[in-house]
Amino acid sequence: MTANSPLTRATATTATSPWALARRAERMNPSVIGEILKITERPGIISLAGGLPSPDSFPVEAMREATARVLRDAPREALQYAASEGIAPLREWVAAHLAEQGMPVDASQVLITTGSQQGLDLVGKVLIDAGSGIAVEAPTYLGALQAFAPYEPEVVTLPCDDDGPLPESLGIAKGARFLYVLPNFQNPSGRCMSEARRAALADARRNTLRLSFVTVAAAEIECGVAILAQALRAAT
Ligand SMILES: Cc1ncc(COP(=O)(O)O)c(C=O)c1O
């Protein structure tokens, strides 16, 4: 890595700030992913480093029509402040859609976020105290580690094989506030966890750790980002 590489620049910024920054800001360095994405904006660069979807797959026409319809039919509601949890009809639609897929939830349990990254930040905010254990796969999604870092967790890395975390390894995460796993199209490996491994992990947490699962980002599967982040909260 050169002195001026994106990774070096990303970690240098807080040290050179003229402001008296909060202690947690030391853990909020510019996103390495963001730095990588900046490079992709340069003409002629085709980057395989960031997970960029093909622009050809963007539903431009559908977005144009939807935006025009909303501004035509409900302009005041669309531009007015709304409940922080998200507009009620959308929350109801998400709840109904999840129920169809065997995940029965009430609309009151649905929170609309600006992407899954905000969901990860909210999980960190409500589940992590300074020094709390959290368990992750190895490797795991870099953006999740960045979202959790300001809350000062102790990160426990679970041994993994090609099918994901080894269920028998969950014991090393005893007392962890949650386990962050990506069963579908894991980032960065791309692997999908087999049904057998999912079941074994669920059993391991029940039999060994007595932890309860909290699904925090099921909507990500819907968006085609194909991620399921699951939080395990210690019952003991
Ligand atoms: C595993 C994982 N979680 C979260 C995100 C961020 O998603 P969003 O753009 O919805 O914030 C990504 C983006 O690549 C991801 O791969």
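Let me begin with the largest nonpolar core, which has 21 residues, and in which Ile134, Ala135, Leu179 and Tyr180 have the most contacts; by such a core I mean a set of buried Ala, Val, Leu, Ile, Met, Phe, Trp, Tyr and Cys residues joined through C-beta atoms within 7 Å. Helix H6 (115–127), strand E1 (133–136), helix H7 (142–148) and strand E5 (178–180) each supply at least two residues of this core, where helices (H or I, at least four residues) and strands (E, at least two) are DSSP runs numbered from the N terminus.

Please keep in mind that this is a predicted model, in which local features need pLDDT of at least 70 and side-chain atom pairs count only at pLDDT 80 or more, while totals for chains, interfaces and linings use all residues. Residues are numbered from 1 along each chain as its sequence is written.

On confidence, the protein chain averages a pLDDT of 78, and 78% of the residues score at least 70, pLDDT being the predictor's confidence in each residue, from 0 to 100. The value stays under 50 over residues 1–12 and again over residues 210–236. Where pLDDT is low, the predicted coordinates should not be read in detail.

Turning to the sheet, three strands form an open arrangement in the order E2-E1-E5 with parallel pairing, and two strands pair if DSSP finds at least two bridges between them. The edge strands, each pairing on one side only, are E2 (154–157) and E5. E1 and E5 are joined by three bridges, and isoleucine 134 stands opposite phenylalanine 178 in E5.

Which peptide bonds deserve a look in the loops? The one from alanine 138 to proline 139 is cis, with omega near -5 degrees, and proline 139 is found in the loop between E1 and H7. The bond from asparagine 187 to proline 188 is also cis, with omega near 15 degrees, and proline 188 lies in the loop between E5 and helix H8 (195–209).

That loop between E5 and H8 also holds phenylalanine 185, whose phi is positive, about 45 degrees, although it is not a glycine. Phenylalanine 185 counts as partly exposed because 17 other C-beta atoms lie within 10 Å; a residue is buried at 20 or more such atoms within 10 Å of its own C-beta, exposed at 12 or fewer, and partly exposed in between, with C-beta atoms placed from the backbone. Glutamate 152, in the loop between H7 and E2, has a positive phi near 60 degrees.

Technical notes
Contact = placed C-beta atoms within 7 Å.
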